[in-house]
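Here is a short report on how one protein chain is held together.

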Amino acid sequence: MKGFGYASLRRRRRRSSSGAAGLLWPLLGACLWASVVGYKPVIIVHGLFDSSGDFVNLKRFINESHPGTNVTIIDLFDRCKSLEPMWKQVEGFKAAIYPIMQNAADGVHFICYSQGGLVCRGILSTLSDHNVHSFISLSSPQAGQYGDTDYFPPHLFPKFVKSNLYHFCYTEVGQMISICNYWNDPHHRDLYVNSSDYLALLNSERSNPNSTEWKKNFLKIKKLVLIGGPDDGVITPWQSSQFGFYDDNETVVEMQHQDLYLRDVFGLKTLAARGDLILCSVPGVEHVRWHSNETVFHTCMEKWLV
């Protein structure tokens, strides 16, 4: 009986070891696969009056969540240089970003904050061979900006109020200032459409011979994530971060009822039909806090950076 019991115990141990190994190998294989494949590079583009140094927290969130991710914060047009015309910024950022794309066989992700979200749209629209998977627009005035704010330095803009800005923005001189490239006065739509050499072109609100090609380029993205919230305090209306905007009575018209969506002029409706248009609204976040708010990162960005 002793011998039988000992042999039986050895057989049970062998079966147990075999079972444990059977469970271990798939897990080990998955870990090895993750370490080999890795995560796509992330490119961050800052906003008005920012610099690359303002995004250290966001970079840390990404590296803690997705270890080994190559995160590049583009260090161009910092601080007051962010007032340069938008097309000039698009070309500058494009030149810095394109080599990163070329070295990323599996593609890259964009996180573009505030004015940077509009810069990134310009890049995505005009670059035919980009390989951007997720385009995360972080509190960006995608439908334009129209509102009084103390965000701008008073010594630079002592009269930066919506009641008189159109006199300045809708001139040739005004269009040399980045924010005037997307200042959208709902009471002077004709001036905006005829004067805006940037946003009105991106939105195909004025004649654009490149609109078909730009739409094709833009739709190469895999996901469009639009992040914003009611307590932003700078983007006005805050729904502009999700392509909503004022009508001429200053009533907000949501994206789904905007002409640019209904006519699918640059691809929003197509993205929605594909299931690739994501809206993420977070209350209680001020404009300057979006990129350093860990809850915003985990709620709205983390899962799109794979």
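This is a predicted model: local features need pLDDT of at least 70, side-chain atom pairs count only at pLDDT 80 or more; totals for chains, interfaces and linings use all residues.

## Disulfides

The count comes to three disulfides. A disulfide is a covalent bond between the sulfur atoms of two cysteines. With the bonded cysteines numbered in sequence order, the pairing runs 1-2, 3-4, 5-6.

| Disulfide | S to S distance | Torsion about the S-S bond |
|---|---|---|
| Cys169 and Cys180 | 2.0 Å | about -70 degrees |
| Cys280 and Cys300 | 2.0 Å | -65 degrees |

Take Cys112 and Cys120. Cys112 counts as buried at 0% relative accessibility. Cys120 is buried too, with a relative accessible area of 0%.

Next comes the disulfide of Cys169 and Cys180, their sulfur atoms 2.0 Å apart. The torsion about its S-S bond is about -70 degrees, so this disulfide is left-handed. Cys169 lies in helix H5 (residues 165-169), and Cys180 lies in the loop between H5 and helix H6 (189-195), so the pair ties together parts that are 11 residues apart in sequence. Both cysteines are buried.

The link of Cys280 and Cys300 is left-handed. Cys280 sits in strand E8 (residues 277-281) and Cys300 in helix H11, so this pair ties together parts that are 20 residues apart in sequence. Cys280 counts as buried at 10% relative accessibility. Cys300 is buried, with a relative accessible area of 1%.

Cys80 is a cysteine that counts as partly exposed, at 49% relative accessibility.

## Nonpolar cores

The largest nonpolar core has 59 residues. Those with the most contacts inside it are Ile97, Phe110, Phe135, Leu224 and Leu268. Helix H3 gives the largest share of this core, six residues.

What does Phe110 contact, leaving aside its neighbours within four places in sequence? Its partners include Ile43, Ile97, Met101, Val132, Phe135 and Ile136.

A second, separate core of 25 residues includes Ile111, Ile278, Cys280 and Phe297.

Gln115 is a buried residue of another kind. Gln115 is found in helix H4. Its relative accessible area is 2%, and it is buried. Not counting residues up to four places away in sequence, Gln115 touches Gly47, Leu48, Ser82, Met86, Gln89, Pro141, Ser178, Ile179 and Tyr182.

## Aromatic pairs

How many aromatic pairs are there? The count comes to 11. In one of them, the rings of Phe61 and Phe297 have their centres 5.9 Å apart and their planes at 40 degrees, so the pair is tilted. Phe61 lies in helix H2 (residues 56-65) and Phe297 in helix H11 (residues 294-301), so the pair ties together parts that are 236 residues apart in sequence. Phe61 counts as buried at 3% relative accessibility. Phe297 counts as buried at 0%.

Trp87 and Trp214 form an aromatic pair that is tilted. Their rings are 5.7 Å centre to centre, with 55 degrees between the planes. Trp87 lies in helix H3 and Trp214 in helix H8, so the pair ties together parts that are 127 residues apart in sequence. Trp87 is partly exposed, with a relative accessible area of 25%. Trp214 is buried, with a relative accessible area of 12%.

Ring pairs also link Phe135, Phe218, Phe243 and Phe266 into a cluster. The charged end of Arg121 sits over the ring of Phe266, 4.3 Å from its centre.

## Helix H8

Which residues of helix H8 (residues 211-218) are buried? They are Trp214, Asn217 and Phe218. Seen down the axis of H8, these buried residues fall within an arc of 95 degrees, so they line one face of the helix. On the other side of H8, Thr212 and Lys216 are exposed.

The cover over the buried residues of H8 includes helix H3 (86-102), helix H4 (115-126) and strand E4 (132-138). Helix H7 (199-202), strand E5 (223-228) and helix H10 (268-274) are also part of it. Trp214 pairs with Trp87 of H3, and Phe218 belongs to the ring cluster with Phe135, Phe243 and Phe266.

Definitions and conventions: Residues are numbered from 1 along each chain as its sequence is written. Side-chain values use heavy atoms; hydrogens and water are left out. Buried means under 20% relative accessible area, exposed over 50%, partly exposed in between (1.4 Å probe, protein chains only). Helices (H or I, at least four residues) and strands (E, at least two) are DSSP runs, numbered from the N terminus. The arc is that of the directions from the helix axis to the C-beta atoms. Contact means heavy atoms within 4.5 Å. Rings of Phe, Tyr and Trp (its six-membered ring) pair if their centres lie within 6.5 Å; planes under 30 degrees apart count as stacked, over 60 as edge-to-face and the rest as tilted. A charge sits over a ring if NZ of Lys or CZ of Arg is within 6 Å of the ring centre and within 35 degrees of the ring normal. A nonpolar core is a set of buried Ala, Val, Leu, Ile, Met, Phe, Trp, Tyr and Cys residues joined through side-chain atoms within 4.5 Å. A disulfide is a pair of cysteine sulfur atoms within 2.5 Å.
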